[in-house]
Amino acid sequence: MSKSKITREEALAFHLEPSPGKLDISASVPMSTQRDLSLAYSPGVAVPCEEIYANPETAYDYTSKGNMVAVISNGTAVLGLGNLGALASKPVMEGKAVLFKRFADVNSVDIELDTEDPDEIIKAVQLMGPTFGGINLEDIKAPECFIIEQTLKETMDIPVFHDDQHGTAVICAAGLINALYLSGKKIQDCRIVLNGAGAAGIACLELLKTMGAQHDNCIMCDTKGVIYQGRTEGMNQWKSAHAANTDLRTLEEAMAGADVFLGVSAKGAVTPAMVASMADNPVIFAMANPDPEITPEQAHEVRLDAIVATGRSDYPNQVNNVLGFPYLFRGALDVHARAINDEMKIACARALAELAREDVPDEVAVAYGRKLSFGRDYIIPTPFDPRLIYVIPPAVAKAAMDTGVARRPIVDMEAYEQRLKGRMDPTAPIIEGLYARSRKAQAQMIFAEGDDPRVLRAAVAYQRGGHGKAIVVGREDDVKLKLEAAGLGDAVRELRVMNAANTTHLDAYKSYLYKRLQRKGSDHADIHRLAARDRHVFSALMLAHGHGDALVTGATRKSAHVLDLIGHVFDVSAKDGAVGVTALLHRGRVVLIADTLVHEWPEAEDLAHIAIKGAKVARGLGLEPRVAFVSFSTFGYPVSERAEKMHQAPALLDEIGVDFEYEGEMTADVALNMDLMADYPFSRLTAPANILVVPARHSASISVKLMQQMAGATVIGPILTGVPKPIQICSSSSTVNDILNMAVLAAARLG
């Protein structure tokens, strides 16, 4: 897998645009009328206040408490950056809140406390207890984090969880369960060496001992060596609890004959010689970030039988906390748990381990660009496995119920799993899958509009993101100035800048173009102007001659005009079979609208063809196609000759015999709402449509722009399909991210 490079400029721009930060707040109830306001606030709000006063448990029914977690830090141990303080920790805490929402649909608020006094933090969190259903402590240094968490767990009636400790421990335990299973070893028989006696390391050993590891078989090391019984230097009560009865004094000595190494320390802490001295089939979890204690390559050079995990996404077996904390809290919140106890953490670890042994869904393989199957390079599920949301929380909830910390047990577990499936956001795996396919393709991407700063930033992001080589069409001096203005001056050396003045292929390009256009009213002068002076035509000629693998353009001109220019080089008209499909992503739903680019006023035959092409794009996105031919009438009423072609198109698909669901004509609300569709029991759609074939390009444009502006939908496309080469055309309002997405679509050959 190609390693991506994130620059400071990209990171800052991501947090600055389109608005500062990563979080927003929106109302979950209507707030349009005076009646709405009267119910939301005075006088209507008094009623739930009285209910909660009489029965505090109903706060989970009438407020957001039951799906709200506080992410709390004082910034004393921010990532690997150290004590940055409360304010500088805010981007990390906002990021944590975003992960809660993205992976488990848990609402979250970040709270940064400007104090290093544990008692002040404890008091502040205790006072906020009524607001939240759970507390996630983050990036608080040891040993204060132990004191804070323990006191809060003892005094609060909601889950308190320090993810730096227990999140790492849970995922480590899940991976170890499977690593030992593959090695044929039992945890109670293993000698485990841990390097790094901080919060995460101590939590890892505590959880493994709860799962059966023997105390004196667990050797904890810090910068001063082995933590043994009787040691006094650099000790505290938490280290002392794990002091082993041993004569071993150094990490090197401890590693000899060890079955398992767990590292939460520093780069290079483990040498190949240490790995070579371990027992047969050693398990090495080198979890230091960003660089592990030893890389998998280094470990496998001396021990081919080693099972290796790291904290990095560019190696197999990533120990990633996002596999744990969102789902632990999801399960805990859903039973109104008083705490997250060891049994719930172990249940999470075991559920993760069992999930990794199951057959991996195709969409996960697509997202990662390779087939995954249980084995030495796949002992932990991937973060984008769609099953996590409905597999892990039920296991956690059941453990909470079995241990008596659940205030509202789940009666119907199958119904609960179905509700969890409804919380899944299908859009993120789609985007991640496209990016993985793009990185695997390593396409040379032609960016036609090198005079636009947005295009240049997208080109840099494409190349530094590990997708392949970016070729920019423009003037070198102009590209250099614009990149420097964008804070990306160092990227000038990375990009390949092409234009008619510096290519050796211009004569070949003009000859090719003349053969295509000589009988369409173009003479040699016209051909020269097109090939040498129009960047869209020049870029298309580069693509036609194999001097690039794919093309993205359109950010500076109207889409229809750009398509006409590309049509000088390629057959991309409606009669050639080209179709434009736009993907709308909104509130966890994906709907494709076609045709949004090519056909001005399609007839019934065209509509049938558009449906087939739309189904192809849907499958490329990992969706099972369900097509609705939409109109202002539903199944013949009201009667209109303008709706007739929408009625005829499904009949044409009947004759062709396609392998996807389709129905029509129908209004858009019937197509998207199964309750309304229930009035038409003869409908062939088994679920809401995800492809809407519209009567004309103007209706497609209106629909897309209305959803984008009024509803805030994410728009990808129009995705150009049915053309000879991978070509994608942006809209002139595209952001840097939009242009990058279109380049990724072209590289993934979705069209």
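**Close-up 1. Asp659 and Arg619 form a salt bridge.** A salt bridge here is a side-chain nitrogen of Lys or Arg within 4 Å of a carboxyl oxygen of Asp or Glu. The closest N and O atoms of this pair are 3.1 Å apart. The pair links distant parts of the chain, 40 residues apart. Asp659 sits in the loop between helix H27 (644-656) and strand E18 (661-666), and Arg619 in helix H26 (residues 604-620). Helices (H or I, at least four residues) and strands (E, at least two) are DSSP runs, numbered from the N terminus. Asp659 is exposed at 57% relative accessibility, while Arg619 is partly exposed at 35%. Buried means under 20% relative accessible area, exposed over 50%, and partly exposed in between (1.4 Å probe, protein chains only). This is a predicted model: local features need pLDDT of at least 70, side-chain atom pairs count only at pLDDT 80 or more, and totals for chains, interfaces and linings use all residues. Residues are numbered from 1 along each chain as its sequence is written, and side-chain values use heavy atoms, leaving out hydrogens and water.

**Close-up 2. Arg330 meets Asp334 in a salt bridge.** The N to O distance is 2.8 Å. Both residues lie in helix H14 (residues 325-334). They are four residues apart, about one turn of the helix. Arg330 is buried, at 1% relative accessibility.

**Close-up 3. Glu57 forms a salt bridge with Arg408.** Their closest N and O atoms are 3.9 Å apart. Each residue lies in a loop between two helices, so the pair ties together parts that are 351 residues apart in sequence. Glu57 is partly exposed at 22%, and Arg408 is partly exposed at 32%.
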